[in-house]
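Open the model in your viewer and keep the selection tool at hand. We will go from stop to stop.

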Amino acid sequence: MLLNTFIFSTFAALVLSSQATNSTRPVAKGLSVAKQQLTDGARQIEKAESATVSAEWREKSNGDKSQSDEVVSAKSIAASDADKKLYKRLFVQRRKEHAKAVQSIEKMSKYELRYNMVNIVLDTIIEVIESRRLLLNGVTDDQLTRTTFMNATNEEDAEFVEAISNVLENAALFAEIVWKQPDMARLFFKIKEKLSETIGWSFGLVERCRFLLDDATLEKIHLASQELEIIEREPGYSNPNSQIGSRNSDKGSKKKKKKKGPVMAKYEL
């Protein structure tokens, strides 16, 4: 998809000048003075008219330039918005592939197989994100918003876009694993020292690139952050895929049930 960035510049210059010729013909002193006065008056009128015309043209030129700049700005914004929307749609399709991949892990009957598969996937996620981290460490918010993601104009821009995409995709994939395999994910989050640092950094980049991601992806990453307690859990948070969480909930509910009902006072007869 070709989405071009439009950059227009409009320049206008008008130079108005007037020249008056002096009569060198010998005349009577009175006529000479009168003619000189008329000539001077004509020059003043001509200069005034010239200044007025120049001012009008400058005002018109500035108005045309302002209108042109507004048109250019509107086109640039529209092109940028279209670029981001297209990227977001493609990212949603990519997320569907992530969901299928995680579902295939869920279908593994043996815990050992799921454990080994998740372990391999997490190591790969760490490797990919860290390989892009050096390139993106100094990226500014202005760079992120101005980047054309669907039509990189040169190799350097293409590498930058690829790095952003790699981090966003792997952060989203990690969030999907955390939500579907929360107990195992919490375990790996504790024993893999590099994992917490890498994911913390990638989630920070996700927050800065919210304009590229759909609401469902952002919500899943928000839930994963709560599950791993990267951020404080909201009141009422629960993960239905967590067996440990459900057992703790059952214990809590049983304890509460014991406290229910009236308490009979004991009397000594």
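Select Glu-207 and Arg-210. Their side chains meet in a salt bridge, 3.3 Å from N to O. Bear in mind that this model is predicted. Glu-207 is partly exposed, with a relative accessible area of 49%. Arg-210 is partly exposed too, at 40%.

Next, pick Arg-233 and Glu-227. They form a salt bridge whose closest N and O atoms are 3.8 Å apart.

Now select Arg-95 and Glu-176. Here is another salt bridge, with the closest N and O atoms 2.8 Å apart. The pair ties together distant parts of the chain: Arg-95 is in helix H1, Glu-176 is in helix H4, and 81 residues separate them. Arg-95 is buried, with a relative accessible area of 10%. Glu-176 is buried as well, at 5%.

How many salt bridges does a search of the whole structure find? The count is 16. Side chains of opposite charge can pair when their charged atoms come close.

Move on to helix H4, residues 155–180. Start at its N-terminal end, which Asn-154 caps. Look for a side-chain oxygen of Asn-154, 3.1 Å from the backbone nitrogen of Glu-156. Then check the length of H4. At 1.5 Å a residue, its 26 residues should span 38 Å, and its end C-alpha atoms are 37 Å apart, which agrees. Of those 26 residues, 19 are buried, so H4 is largely enclosed by the rest of the structure.

Ala-158 sits in this helix. At 34% relative accessibility, Ala-158 counts as partly exposed. Its C-alpha atom is 9.3 Å from that of Thr-148, 10 residues away along the chain.

Now go inside. Select Ile-125, Ile-164, Leu-168 and Phe-174. These have the most contacts inside the largest nonpolar core, which has 44 residues. Helices H1, H2, H4, H5, H6 and H7 each supply at least two residues of this core. Which helix gives the largest share? H4 does, with 13 residues. In soluble globular proteins, nonpolar side chains tend to be buried together.

Last stop: the surface. Select Tyr-111, Leu-187 and Ile-191. Together they make a nonpolar surface patch of about 280 Å². Ile-191 belongs to helix H5, residues 182–191.

Conventions: Residues are numbered from 1 along each chain as its sequence is written. This is a predicted model: local features need pLDDT of at least 70, side-chain atom pairs count only at pLDDT 80 or more; totals for chains, interfaces and linings use all residues. Side-chain values use heavy atoms; hydrogens and water are left out. Helices (H or I, at least four residues) and strands (E, at least two) are DSSP runs, numbered from the N terminus. Buried means under 20% relative accessible area, exposed over 50%, partly exposed in between (1.4 Å probe, protein chains only). Patches are made of residues with over 30% relative accessible area and no salt bridge: like charges are joined within 9 Å, nonpolar side chains (Val, Leu, Ile, Met, Phe, Trp, Tyr) within 5 Å. Accessible areas come from the Shrake-Rupley method with a 1.4 Å probe; for residues, only the protein chains shown count as cover. A salt bridge is a side-chain nitrogen of Lys or Arg within 4 Å of a carboxyl oxygen of Asp or Glu. The expected span of a helix is 1.5 Å times one less than its number of residues. A polar contact is a pair of N or O atoms within 3.5 Å; within protein, one must be able to donate a hydrogen and the other to accept it, and residues adjacent in sequence count only if both atoms are side-chain atoms. A nonpolar core is a set of buried Ala, Val, Leu, Ile, Met, Phe, Trp, Tyr and Cys residues joined through side-chain atoms within 4.5 Å.
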